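Please have the sequence and the 3D view open as you read.

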Amino acid sequence: MDTVLLFALGLLAQGLDLSLGVPGLRRPGTLFPWHRAPSSGRVRRAWVIPPISVSENYKRLPYPLVQIKSDKQQLGSVIYSIQGPGVDEEPRGVFSIDKFTGKVFLNALLDREKTDRFRLRAFALDLGGSTLEEPTDLEIVVVDQNDNRPVFRQEVFTGHVLEGAVPGTYVTRAEATDADDPETDNAALRYSILEQGSPQLFSIDEHTGEIRTVQVGLDREVVAVYNLTLQVADMSGDGLTSTASAIITLEDVNDNAPGFTREEFFMEATEAMSGVDVGRLEVEDRDLPGSPNWAARFTILEGDPDGHFAIRTDPKTNEGVLSVVKPLDYESCDQYDLRVEVQNEVPLQAAAPRAERDQARVSVQVRDVNEAPVFQENPLRTSLAEGAAPGTPVATFSARDPDTQQLQRLSYSKDYDPEDWLQVDGATGWVQTQSVLSPVSPFLKDGWYRAIILAYDDASPPCTATGTLSIEILEVNDHAPELSPSSGSLCSEPDQGSGLLLGATDEDLPPHGAPFHFQLSPRVPELARNWSLSRINMSHARLRLRHQVQEGLHRLSLLLQDSGQPPQHREQLLNVTVCHCGQDGVCLQGAAALRAKGTGLSLGALGIVLASVILLLLLALPVALLSRFRQQPWDKGLLPGLQDDLRDNILNYDEQGGGEEDQDAYDISQLRHPAELAALSAPLGRPLLRRDTPFSWVRPPPSRVLPTSPADMADFINDGLEAADSDLSVPPYDTALIYDYEGDGSMAGTLSSILSSRGDEDQDYSCLQDWGPRFARLADLYGPP
């Protein structure tokens, strides 16, 4: 072999010997890897050992590969060794060396697909273990054998191609591998098709494995799937082989148009119904079920001008489902003749064997049934003025019976009337009111009242129709605006304060309310000389003084008018108290202010109350005098000698002043001298009224004559109380009264000690003895014994 020749070229004539062992040779060669030829002037390099080739799978083991020697010592005095993969590294034990002769042996089968070469290191030592030569490399190459079959990458290859594809159309590619040396014929692969049936429609490229179509005639409706048996062989097709399968599926194209199974279909539908299916139209299509090439689309060409019918496609069966989408009327048309067309959802291929569209006739017979009455206008909207009297006509809510070929009578009734406000004529549907609808009814929504009327025929069973009657309640301007507030105060100086803000309210809804018009009463022209009204917005105005007027209560007559049609107006009285104000424009408290506003009583009522107080005082005076006269003898017996020091003075203990600092309290002299009260209030010109009570103008009661005898006193008091209770300008006198400011701070001590004891037995009067001779008698009576 070539290895022996390579080694022979390296031998020299100095007696160096080289032996190589290759499978097929009898003895291994001998080589001197450390030998250097003598040279004058330069040093020669060590021998380079060429690779040693060994075939894989060699079974005659152990097999000598080569022998190495050193010329430094005599034979038998050198120890040889090798190291590296296959010796002391994995895989161990593949190679070994005779340490005395230097022969290298192969001890195990070699597999090129696992390890294609081994690199070893050779060593030469003397018997003492010293290195004789430098280590040298020894390379062993494993020669490939065709011991591996080619293998397909997968057992089954799949491909897809459109039916009717032209020759040369790519389908799929088969791939295989070989573990042998790719640089040799052991891995040279060739592909082929062993079996595909007849005719031969596919071919495979022997070098690349690509599968393509070779002729026309692929029809999915004839053969949908093709199974091919593939083969791959190494040694350029003459070696080891393997097989695999290829499954080629033809993809569908729309080369078949749908067609009806019959030329005419007969169906029946019920009138007055919608959303129901009438029947099915059967079609057939040879294309792939479930694909767009197979899905049918139906169209009604003629016979349904009003759009009563529709056809949808059943996705599972591809049938056309005819349904009623608009109610049929037997009286209008009792039979429909439809012309229907079917086609695919996608366009048909040009080479299709039949027409793209197919047509059929569909005859639909309408079945007559009893239909419900129909209101001519539903919902019916009308209007009515608020507060309409019972018996007011509302509307005629009538219906018609669509069954013109059946003699039936219609009747009417109420189904929903929450206020029971309406009355319906059962024969004609005439609607009228039977009561007055409250304007605050909870069933009035945004001014609309809703009722439901029923119309039904006399068939068996009867059919009923429901109609909605919506009535708009029109607002009527039946309320005049009201002044708010009805009283207030103004500063006596026109330039002080911001005036009196007046407002108005109206129970009517827009547009019968604001804007309001405020005006001083034209019946009292003198009001305009002292007073003025200016509008602020649609619902408020401001009252001011033109000139300074006298402080006190003034009653102004105002005219208020709304914006309704026709407008409503009302003349109302406004109580205005003119007072003295400070710099901040607020009424000052004091005697003058109290005099101006008084107690809020009318003159007649105040006179009656004052007269009643005076009579009570007159009755109490004789009783007090009589009681004192009866006590005089007893006093003289108890306190002899002290009469000269006693002073019989009448003290007033019924005044409720504000203490020492209250200088503006109510003048009690008005109660002691009621005759002066009329003169005091004369400049006001009008009876006094309370500012803190709602104002309602009433005529003042006539003045009464005081009783002349005590016997008439009880009747006089009762009449006065009755007159005070009936006076609407003031609250009853048994209600809580509001007292004025009483000042703050007092030099008097507390009186709480008066009631600190419950009886005389708890009092200690021994101190009376220390008070002098004036209290000696009291000390004897109440002091300790």
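The paragraphs below take up the disulfides, then other cysteines, then an asparagine.

This is a predicted model, in which local features need pLDDT of at least 70, side-chain atom pairs count only at pLDDT 80 or more, and totals for chains, interfaces and linings use all residues. Residues are numbered from 1 along each chain as its sequence is written, and side-chain values use heavy atoms, leaving out hydrogens and water.

Searching the whole structure turns up two disulfides (pairs of cysteine sulfur atoms within 2.5 Å). In one, the sulfur atoms of Cys491 and Cys581 lie 2.0 Å apart. The torsion about this S-S bond is about -100 degrees, so the disulfide of Cys491 and Cys581 is left-handed. The pair links distant parts of the chain, 90 residues apart: Cys491 sits in strand 38 (residues 487-491), and Cys581 in the loop between strand 44 (569-579) and helix 3 (591-597). Here helices (H or I, at least four residues) and strands (E, at least two) are DSSP runs, numbered from the N terminus. Both Cys491 and Cys581 are buried; buried means under 20% relative accessible area, exposed over 50%, and partly exposed in between (1.4 Å probe, protein chains only).

Cys579 and Cys587 form a disulfide with sulfur atoms 1.6 Å apart, left-handed at -45 degrees. Cys579 is buried because its relative accessibility is 5%, while Cys587, at 28%, is partly exposed. Counting bonded cysteines along the chain, the pattern is 1-3, 2-4.

Turning to other cysteines, Cys333 is partly exposed at 24%, and Cys463 is buried at 18%.

Finally, Asn186 lies in the loop between strand 13 (176-177) and strand 14 (190-195), buried at 10%.
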